[in-house]
Amino acid sequence: MTYRPSRRFRRIAIASAVVAALAGANGPALYRFGGEAWHDHRINQPGYKAANGHWRTVDVPERYRVNTIHAALLHTGKVLLIAGSGNDAEQFRAKTFRTVLWDPERNTFANIPTPKDLFCAGHTQLPDGRLLVAGGTQRYETLEGDVEKAGGLMVVHNEDPDKPVTLPAGTRFTGRANGRTFASQAPVVVPRARKTTAPGTGKVTVTVSTARIYVEALRKGRRHQTGTQDQYRVHGLRGADRRNVYGIAQKLSFDKKDFQGIRDSYEFDPVAERYVRVDPMNEARWYPTLTTLADGSVLSVSGLDEIGQVVPGKNEIYDPETKKWSYLPEERFFPTYPALFLATGGRILYTGSNAGYGPADEGRTPGLWDLRTNEFREVPGIGDPDVLETSMSVLLPPAQEQRYMVLGGGGVGESRRATARTGIVDLTGPEPRFTPGPDLYAPVRYPSSVILPDDTVLTTNGSGGYRGRGGSDVLRAELYDAKANTVRAVADPLVGRNYHSGALLLPDGRVMTFGSDSLFADRSDTRPGEFQQQIDLYSPPYLFRGRRPELRGTGEPRTVELGGRVTFASEDAARVRTARLVRPGSFTHVTNVEQRSVALEFERAADGLTFTLPDDPSLVPPGYYMLNVLDGEGVPSESVWVRVPVSPDAEPVTVAPD
């Protein structure tokens, strides 16, 4: 008898075959779904979090999403997110400049009116808690082949020793020999000529003054370019000015036009939550570094000027009292966004890290710079010295040990080279020299490193290629133990971050990460990239190890002088093992020279703790700080804020006479 399966059996068999066929066709997707589900389950387990930390995404309403280029933590606990035009030429042409103020505790946002394009400015913390923001963008770059009008540098001369001359934007210059006319793209002030009288003879010498301005032809077309030097008549002048004031230009052509900087400077007031205009810098700067000094003044270095050239070593100092800028008496050249740290003794350590523009053979050697004498002492030993561009640098905790670390980096410009190298230099010895540290998780440009209150350094992300080319973003993170000189991997970041990205420590001990500006969105480099507007929060492992010790403040930051003492109430005094004073960060373009963690001595009482600050103004530059205590498991308290005023013992930097 021939076997005939039942109708029920046939239905089950057919259904099973269909399921098998679908599984075969969609197996990889089902596997990925299962893998992702298991991964999400695993990373949310308490044990995993206690060992590796945890990431989550911040919910940012659409109207507050910006291309965050710069981020700074303010003493109000809020974070200033500065985009300016956000590396978006259309926004620049529309004069749409953005700043958003974010409150991480309440997750609230506010749009802040932004007076100028602060895209690629410099910024630093001031002694009174304001944030100084200086420089930005006057003009976007135009690549060779896209330049429509001939243009370039015009040097304007003034031979009159009795008065300066102001030329508005749009001033025309006509060549005496070539007859071609060009117009200035910004206003310019040409100082009066310098007049000196020789002692004894009474002979008077007049030295012509100069100012530089970018000019463009009035019309498109190559017939308007020039090929040789010419002297130019300035339109609109009268009387003796027509003879005393003139321009000189070399070739005015269709070469690539780089970004151009502005002189504008602002202080952001965290209480009023607005920008306040102060005197402009003497030099226009795009990609400058600002470093707060021991006396509370600010050093401004490098950047592209108003014609797109690296500022040729003209460095200046900002006085927060007078709100004015003055040149240093001598020049020293650095590439753009150099990592310049205030070191003990008032010296400046240049680690060699920088973010780009500048010749490959000038200003890239690490060293110690004495601002008083302009002496620069090279610090040798860094591994891969020709791949320091787009590397990260940090002052390792605690700051008293004066050990600095350089992490990753790449070759000059759009080089394909990247390194996993780290190097550490100890400035306390007689002959400082870099020695190798443990390698990073991968060869990366643009890594972001943040000092944590438990004396570890979190490093995240970066890319193996220039601006993430070839899909080279690295979704890795690790903690470096400064005491043990060891690293260990922690939870992987949620998104890739390369150029125009960064990270900051928040008062509650978490770390925010922001930005990323990939050139392309695929491995084959065929689809243009989009700016990563997502903000993520990383909770380090110490936030999953039990109850945190507490410090109780009054709600208002305490003021404590260097060498002074300050007391906070705490029911956990017996648990406390260490205390750290952490300066709030100010991060842009792989550069955060603000962050530092200072070890504090303390005494226990029945109901609190009394802390003693170091007395070295170069170790603790004036400003606001987050004070944390940690228990024996390395679990930190939430921060309380203290303000350190300018020390009367801080030696001011000598500036050039006006």
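Visitor: How do the side chains of Glu62 and Arg65 meet?

Guide: Glu62 and Arg65 meet in a salt bridge, at 2.9 Å from N to O. A salt bridge here is a side-chain nitrogen of Lys or Arg within 4 Å of a carboxyl oxygen of Asp or Glu. This is a predicted model, where local features need pLDDT of at least 70 and side-chain atom pairs count only at pLDDT 80 or more, while totals for chains, interfaces and linings use all residues. Residues are numbered from 1 along each chain as its sequence is written, and side-chain values use heavy atoms, with hydrogens and water left out.

Visitor: Is Glu62 buried or exposed?

Guide: Glu62 counts as exposed because its relative accessibility is 56%. Arg65, at 35%, counts as partly exposed. Buried means under 20% relative accessible area, exposed over 50%, and partly exposed in between (1.4 Å probe, protein chains only).

Visitor: Which residue forms a salt bridge with Asp305?

Guide: Arg212, with the closest N and O atoms 1.8 Å apart. Asp305 lies in the loop between strand S23 (298–301) and strand S24 (316–319), and Arg212 in strand S16 (residues 209–217), so the pair ties together parts 93 residues apart in sequence. Strands (E, at least two residues) and helices (H or I, at least four) are DSSP runs, numbered from the N terminus. Asp305 is buried, at 0% relative accessibility, whereas Arg212 is partly exposed at 23%.

Visitor: And where does Glu306 lie?

Guide: Glu306 meets Arg263 in a salt bridge (3.5 Å, N to O). Glu306 lies in the loop between S23 and S24, and Arg263 in the loop between strand S19 (260–261) and strand S20 (265–269), so this pair ties together parts 43 residues apart in sequence. Glu306 counts as buried at 6%, and Arg263 as partly exposed at 30%.

Visitor: How many salt bridges does a search of the whole structure find?

Guide: The search finds 36. Some form a network, which links Asp128, Arg130, Glu267, Asp269 and Lys323.

Visitor: New topic. How many helices and strands are in the protein chain?

Guide: 4 helices and 49 strands. Buried residues make up 55% of the 658 residues.

Visitor: What does the C-alpha trace span along its principal axes?

Guide: About 125 × 80 × 45 Å.
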